[in-house]
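The sequence and model are shown below.

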Amino acid sequence: MIDSGAKVQPIEVSEGYWRGVARRLMRDPVAMVALGVIVALVLMAILAPLIAPADPFRGSMLRRLRPIGTPGFPLGADELGRDMLSRLIYGARLSLFMGVTPVLMAFVLGSSLGIFAGFVGGKINTAIMRTIDVFYAFPSVLLAVALSGALGAGLTNALVSLTIVFIPPIARVAESVTTQVRNRDYVEAARASGAGGFTIVRVHVLGNVLSPIFVYSTSLISVAMILASGLSFLGLGVRPPEPEWGLMLNTLRTAIYVNPMVAALPGVMIFITSISFNMFSDSLRSAMDVRA
C-alpha cells in the first residue's frame, strides 16, 4: 500500500552555468552600478544626435570658456566656444569605439594564436610564444606610442597600434589555459577515439578556454580607453575637430588656469568610463568562478 502521509521530496533542477553567472551578477551591487553606467554611456553614444542640445562643431569666440552653469551651456563651453555637454556626448562615440574595438580584434587574433600554440605545443609553441614575448616585453604605453608614431596619426592607425599592443597578453593567457586543458582526460579520450585536432578544439577546448580569455579581455577595455585617450592627447589618435575625450583634454590643457572645471570634464568622463569597465570586469570574473 502507498503511504499517503509520506512527504514527497521536490526534484532539484540543476542550474545552468550561464544562468548562475547572471544570478550572481544581479546580486552584486557593484556589478549592477558599473553595468548601469556602461549601458548609459552606450545609449548616450548611440542617441547623441537626439539628446545633444547643440551642434558639437559650432563655436563662437564670444562664448569661449563659459563656466559651468551658464544659461544655454550647462557644462560650459570649450576654448572655441563650443558646447561642452554636446561634445562630451558625441565624444562617447569615438572614445568607446577606440576602447572596445582594439580589444575585440585582439581577442579574436590573440585567442586564435594562443589556442593554436597551446594545443599544438612543441617547437611551434616555442616559436610563436617567443615571438609574442618580444612585443610583450615593452610597456604597453611605450609600444602604443611607438607604433602610432611609426604608422602616423589617425584613427585607423591608432586602432591598429592598440590591437597589436593587446594581442600579446591575450595570446599568453589563451596559450596558458589551452596548455592546461589539452592534458585533461576528456581530451585524451577524444584523441583515443580518433577525433581530429580541429574537432577536439571546437568541441572540447573552446568551451573551456574562452571564458577566462573573455574575462581577461574585458579587463583590458579600461586600459584601451586610457591608451586611446593618451594617443589622442599626444596628437597620434583622433584629429581635430572630432570630439574625443583625449583630444578634448589636449585642446583644453591651456585653459586649465582660466577655467579648470571645464578643462577637467573630459578627464572625468574617461575616469568614470574606465573605472566602470574595470569594476564590471572584476565582478564578472568573480561571477564566472564556480567556486565563488
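## Salt bridges

Six salt bridges are found in a search of the whole structure, a salt bridge being a side-chain nitrogen of Lys or Arg within 4 Å of a carboxyl oxygen of Asp or Glu. The model is a predicted one, in which local features need pLDDT of at least 70, side-chain atom pairs count only at pLDDT 80 or more, and totals for chains, interfaces and linings use all residues. Residues are numbered from 1 along each chain as its sequence is written, and side-chain values use heavy atoms, with hydrogens and water left out.

One of the bridges joins arginine 172 to aspartate 133, with an N to O distance of 2.5 Å. This pair links distant parts of the chain, since arginine 172 lies in helix H7 (residues 155-181) and aspartate 133 in helix H5 (residues 122-136), 39 residues apart. Helices here are DSSP runs of H or I with at least four residues, and strands are runs of E with at least two, numbered from the N terminus. Arginine 172 is partly exposed at 32% relative accessible area, whereas aspartate 133 is buried at 19%; buried means under 20%, exposed over 50%, and partly exposed in between (1.4 Å probe, protein chains only).

Arginine 285 is partly exposed at 38%, as is aspartate 282 at 36%.

Salt bridges link Asp78, Glu79, Arg82 and Arg87 in a network. Within it, aspartate 78 and arginine 82 meet at 2.8 Å, N to O. Aspartate 78 is buried at 2% relative accessibility, and arginine 82 is buried at 7%.

Aspartate 83, in the loop between helix H3 (48-51) and helix H4 (84-120), is buried yet has no salt bridge; arginine 63, the nearest side chain of opposite charge, is 7.9 Å away. Beyond neighbours within four places in sequence, the contacts of aspartate 83 (heavy atoms within 4.5 Å) include Pro53, Phe73 and Pro74.

## Overall architecture

The chain has 11 helices and zero strands. Its radius of gyration is 24 Å, well over the 19 Å that the globule rule gives for 292 residues, so the chain is more spread out than a compact globule. The radius is taken over C-alpha atoms, and the rule is 2.2 Å times the number of residues to the power 0.38. Buried residues account for 43% of the 292 residues.

Note on methods
Lys, Arg positive; Asp, Glu negative; His and termini not counted.
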